[in-house]
Amino acid sequence: MSRRLGGASWVRLWGLIYKEGLQILRDPSSISIAFVLPIVLLILFGYGVSLDTDHVPVAVVIQNPTTDTASFMASLQDSRYFSVTRLQDRRTAQHELLAGTVNAVVVLKSDFSRRLWSSTGAPIQVIVNGTDANTARIISGYLDGAWQNWLNQRALEEGRTLTPPVAAEQRVWFNAEVRSRNFLVPGLIAIIMTLIGALLTAMVVAREWERGTMEALLVSPVRIGEILLGKLIPYFLLGMGGMAIATFMAVFLFDIPFRGSFVVLTAVSALFMLTALGMGLLISTVARTQFVAGQIAIIVAFLPAFILSGFVFDISSMPLVIRVLTHIVPARYFVSSLQTLFLAGDIWPIILVNSGALVLMATIFLGLTLRKTHKSLE
Amino acid sequence: MWGRIRALIVKEFLAVWKDKKSRTVIIVPPLIQLLVFGYAATFDVHHVATAIYNEDSGLASRQLIARFAGSPSFDVVSHLSREADIRKVIDPKQASLVIHIGPTFSRDLIAHHPAKVQFIVDGRESNTALIILGYAQRIVAAFNNEWLKDHSQPLPPAQLVVRSWFNPNLESQWFIVPGIVALLTLVVTTVVTALSVAREREVGTFEQLLVTPFRPFEIMIGKSVPAMIIGFIEGTIIIAVGVFWFGVPLRGNLALLYAGLFLYILAVIGVGLMISSISRTQQQAILGTFLFIVPAVILSGFATPIANMPQSIQYLTLANPMRYFLIIVRGIFLEGLPAHLVYGLLWPMAVIAVVTLSSASWLFRRRLG
């Protein structure tokens, strides 16, 4: 049998694509992975996943109410970041902290007002529930802000302005309101395309191996290249469709800015789709059963795309070994391009490097699949 | 009857165990995931790539910069000389933070005008951006306090003294690793139960099972018990790795943790069996598993707090068994959660388990009938 792709028959290829297309249309679960899942995932992530904390429940214990404690309390209540409850004593407050009904306890001791006028100043004791370290950090940042506001206001009331020696000014580029949705939703496109390209394809092709229809195809006059192309093209189109839906929803439903160009987005997505398809095909050729293929696809494609891609967790904060490991996760390059395309624009140094990596990976995966499929014929 | 069920349980175990590939799939990947995710899933921020654009020639600006260079949170990677260079380092992510100090910084500081320093942060990763700004503010505050002290000016009348309980160094790992107990138990248990019936149906052995004297109820038990045992073993291994490898403190009552684990797995098995009985092929079962696992994980508080979600979605999370088990497992690990608080989380899981298991058995009987 000739290995040349050059001798491919378009009629045979079209026949295969047609057959695959029918199979997709007939199985409701394929259609749902391609079209329903992206929508469900986007809605879930767009609304359900947020790192933006506000209305943090905080308990305030005031041991000796004075005008000073009242003004501090008021500054907490004025902040949209807190929802404040006043509690009688420390013990109840600590109990609430353990029960999870409040995330932080602020204690103003009985000598608070007196010590305000002393040289050392009065301590404002804060206990944060550190179990969720990230939220704890954000809450203590907010409390910092409320405390600063209170100091400024006091100074104003006393007829002076509080001038800190150094005043910091902040500029957050690309995402001025620091909305976590703006960086999560673009990355989600990578997850959706991984699902379609790697998981769905791995399952579908593994099913053919399992049922023996793959062997039947292999002994027919159809060439290996044609079989693989016949698998690639329909799922490629399905994946790009999922991408289009996701982008449309990101821009029009979630108001994510899109500052790059759609041509670049399409090109980058097509590259990633080929890589994901290559992974899916390779997995199915190695696994041969749907159960194993599904499991492998989840473990080597889906979960890394989720955790090791920079989609939620920042790669630069990971330990060195893991950072090195992320370089073999295709989604990493795509997520980075997506976040840049959506929020920053066509920044070529980033896009070209990422695309180069994807080209390399797609070639490796597809090449390996071609070789593996050949071998299994013997 | 029990002898029959036992035989069925043994058969189910063998079905998973005898196949080398599916055996490996159940043992190896969860362990790899545990290690990788235990290290990778972190919101902590260290070694922020920082670029400095200092137009000031005074000593004070250099002292402020020295504080950043000396902090483990920041790595100074470059010094810029032109405003236009800021874009050149932020755009291609060479730096996540640029510290811009204007030409009048030292002069303003001595003249008691507020000396301005500008922090420019890459907002593409919003959480990291927030944390970087928090760290930078803290360094400025420490600089200010020392400057006031050195120049014998009055300090602010009140100081915040923040302590964090249960996790004094605010390590994300202590939060994530116990969460992985819930995550991997969920994944493994759902997959094992969801695929069990679908696989038999596809291969055709399910019809054979149906002509045996087994009642649907018994088949269900036969499918549940192995999943329960596998879930328990996986859970135990992860708990042990969490304690002995990652060094996460285990402060609470282990028996309560296992009570939680039992009800949690029971609730998840119910869902897995529901998926199994409505799907005709393994592909559909995998899809069903996905449509359950992904929302269950996202709406559980595993990575992002439930409190940040819109109210309507928060109500939805009440039906999610993982939500309760996450609070239990984190509470028992870090907070030494007392029994009466654990009970308050156990009964919702018990209710969910009853609902999912009885729906599963209803679906089962309907599909068989």
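A word on the model before I go on. This is a predicted model, in which local features need pLDDT of at least 70 and side-chain atom pairs count only at pLDDT 80 or more, while totals for chains, interfaces and linings use all residues. Residues are numbered from 1 along each chain as its sequence is written, and chains are lettered from A and ligands numbered from 1 in the order in which they are written.

Now, the two chains. Chain A has 14 helices and five strands; helices (H or I, at least four residues) and strands (E, at least two) are DSSP runs, numbered from the N terminus. The radius of gyration of chain A, taken over C-alpha atoms, is 28 Å, well over the 21 Å that the globule rule gives for 378 residues, so chain A is more spread out than a compact globule. Along the principal axes, the C-alpha trace of chain A spans about 95 × 40 × 40 Å.

Chain B also comes to 14 helices and five strands. Its radius of gyration is 28 Å, well over the 21 Å from the globule rule for 369 residues, so chain B is more spread out than a compact globule. Its C-alpha box is roughly 95 × 45 × 40 Å along the principal axes.

Five strands form an open sheet with mixed pairing, in the order β2(A)-β1(A)-β3(A)-β4(A)-β5(B). Two strands pair if DSSP finds at least two bridges between them. At the edges stand β2 (82–87) of chain A and β5 of chain B, each with a single partner strand, so one side of each is left without a neighbour in the sheet.

Let's walk through some of the pairings. Strand β1 (residues 56–62) of chain A runs parallel to β3(A), with five bridges, and A:Val60 has A:Val106 as its bridge partner there. β3 (residues 104–108) then pairs antiparallel with β4(A) over four bridges, where A:Val106 partners A:Val126.

How buried is β4 (residues 122–129) of chain A? Six of its eight residues are buried, so the strand is largely enclosed by the rest of the structure. Buried here means 20 or more other C-beta atoms within 10 Å of the residue's own, exposed means 12 or fewer, and partly exposed lies in between, with C-beta atoms placed from the backbone.

There is another pairing across the chains. Strand β5 (residues 166–173) of chain A runs parallel to β4(B), again with eight bridges, and A:Trp173 stands opposite B:Asp122.

Finally, the whole contact. Chain B brings 92 residues and chain A 87. On chain B's side, α6(B) gives the largest share, 15 residues. That side divides into 57 nonpolar, 22 polar and 13 charged residues, counting Ala, Val, Leu, Ile, Met, Phe, Trp, Tyr, Cys and Pro as nonpolar, Asp, Glu, Lys and Arg as charged, and the others, Gly among them, as polar.

Conventions: Two residues are in contact if their C-beta atoms, placed from the backbone, lie within 7 Å. The radius of gyration is taken over C-alpha atoms; the globule rule is 2.2 Å times the number of residues to the power 0.38.
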